[in-house]
Amino acid sequence: MAEKRIYVDHSATTPLKPEVLDAMLPYFTEYFGNASTVYAEGRETKKAVNLAREQVAKAIGADVKEIFFTGSGTEADNWAIRGIAKALRHKGNHIITSSVEHHAVLHTCQELEKDGFEVTYLPVDEFGMVSPKDVENAIKDETILVTIMMANNEIGTIMPIEEIGRITKEKGVLLHTDAVQAIGMIEIDVNKMNIDLLSMTGHKFYGPKGSGALFVRKGVKIAPFITGGAQERNKRAGTENVAAIVGLGKAIELATADIASHTEKLKAMRDRLIDRILEEIPYTRLNGHRTERLASNSNISFEFIEGESLLLMLDMQGISASSGSACTSGSLDPSHVLLAIGLKHEIAHGSLRVSFGDSNTMEDVDRIVEALKTIVARLREMSPLYEAVKKSE
Ligand SMILES: *Cc1c(COP(=O)(O)O)cnc(C)c1O
């Protein structure tokens with residue numbers, strides 16, 4: 001009998017939970033009305049959208065009026081940054097971010113630089129952490145926005161957002177955080193953390209793809225990103241994707257219901273994987289912080305190995321993981337995150353991200369380690385560099 005495949009790329013996307021699908025299905029067929037209409041069909045869908053807005057708001061300690069649905073996490077990031085840049089251009093043109101953000105943030109900031117904005121890309125330490133002190137020192141009169149992710153998608157490092165929030169609040173500068181990887185992993189309270197804008201996406205927490213949301217604190221002026229009809233209180237035009245919104249709401253309710261016990265199970269798998277690899281496979285290193293890291297995430301570099309070959313051979317053994325870098329999209333550039341934490345190009349290229357989720361078990365962890373031991377040994381046999389190092393040992 002063929003062994004079941006092991007999916008350990010939950011930071012890339014997650015499967016839909018059956019309960020989420022069940023909640024969504026009627027909104028493709030029975031309840032198809034346009035949520036902006038006044039008759040019964042429209043009222044039905046409007047009610048569903050409102051419920052989802054309550055579910056999202058509750059999950060992050062926000063008010064329903066502060067939640068706007070988007071088509072993805074990327075869109076939420078784009079909107080937050082461009083929308084604030086546009087609304088506050090008269091106040092200043094300076095934005096602060098970090099060098100390890102997702103491309104949805106980085107490329108948006110780079111685009112704004114072409115339009116005359118000045119962007120500071122803060123460095124990170126060897127664990128991928130932004131220093132709140134650096135944020136404070138970078139703030140100047142022209143600063144209108146600080147955008148720092150809550151947790152990194154490649155190396156799992158959890159940023160000191162609450163500390164950064166204290167600083168931005170004191171300085172009177174807006175704080176946006178890309179919390180795409182954090183929902184369901186970290187307890188989030190936008191008020192306690194002094195967050196002004198927060199991005200999320202459904203498909204990273206067992207909701208549907210193409211569903212996202214942006215939290216915008218009451219009183220924060222933001223320009224609309226998509227213009228047209230009056231949907232989302234005139235801020236994000238276009239007929240609501242009701243089924244996706246319903247799915248996002250259900251998924252976030254389930255994902256945040258019991259974060260502690262969910263992450264405890266993930267952490268046990270993560271730590272066993274990291275410990276076993278570092279102990280049993282030589283020339284390996286853990287990327288990211290040992291404790292301040294997402295419960296699901298492990299990212300390990302294997303010296304003398306090409307990450308792509310590793311992924312392909314894991315795939316042949318029924319294991320779906322990631323290099324955690326742009327390599328997966330056909331680019332040969334090493335990950336900007338791994339370079340930012342100081343890794344050399346060749347080490348960055350030999351990196352593997354394993355991100356656990358609901359379906360995984362401890363048996364999966366052991367199967368992955370055993371597969372890695374064989375594959376890494378085989379690939380290293382073909383490496384002249386490794387042979388040279390072994391001879392000199
Ligand atoms: C996945 C991801 C995004 C993009 O979300 P999409 O919904 O896929 O557009 C943005 N930021 C981070 C940190 C992510 O991991």
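Biologist: Let's start with Gly307: buried or exposed?
Modeller: Happy to! Keep in mind that this is a predicted model. Gly307 is buried, with a relative accessibility of 1%. That counts as buried because the cut-off is under 20%.
Biologist: Thanks. Which helix is Gly307 found in?
Modeller: Gly307 belongs to helix H10, which covers residues 307-316.
Biologist: And which residues does Gly307 touch, leaving aside those up to four places away in sequence?
Modeller: With those left out, Gly307 is in contact with His349, Gly350 and Ser351.
Biologist: How many Å apart in space are Gly307 and Leu214?
Modeller: From C-alpha to C-alpha it is 34 Å, and the two are 93 residues apart in sequence.
Biologist: Where does Asn194 lie?
Modeller: In the loop that runs between strand S6 (174-178) and strand S7 (197-201). Asn194 is buried too, at 17% relative accessible area.
Biologist: What about phi of Tyr206?
Modeller: Tyr206 isn't a glycine either, yet its phi is positive, at about 65°.
Biologist: Where is the place of Tyr206, and is it buried or exposed?
Modeller: Tyr206 sits in the loop between S7 and strand S8 (212-216). With 9% relative accessibility, Tyr206 counts as buried.

Note on methods: Residues numbered from 1 in each chain as written. Predicted model: local features only at pLDDT ≥ 70, side-chain atom pairs only at ≥ 80, totals over all residues. Heavy atoms only, no water. Helix = DSSP H or I, 4+ residues; strand = E, 2+ residues; numbered from the N terminus. Buried < 20%, exposed > 50% of the residue type's maximum accessible area, 1.4 Å probe, protein only. Contact = heavy atoms within 4.5 Å.
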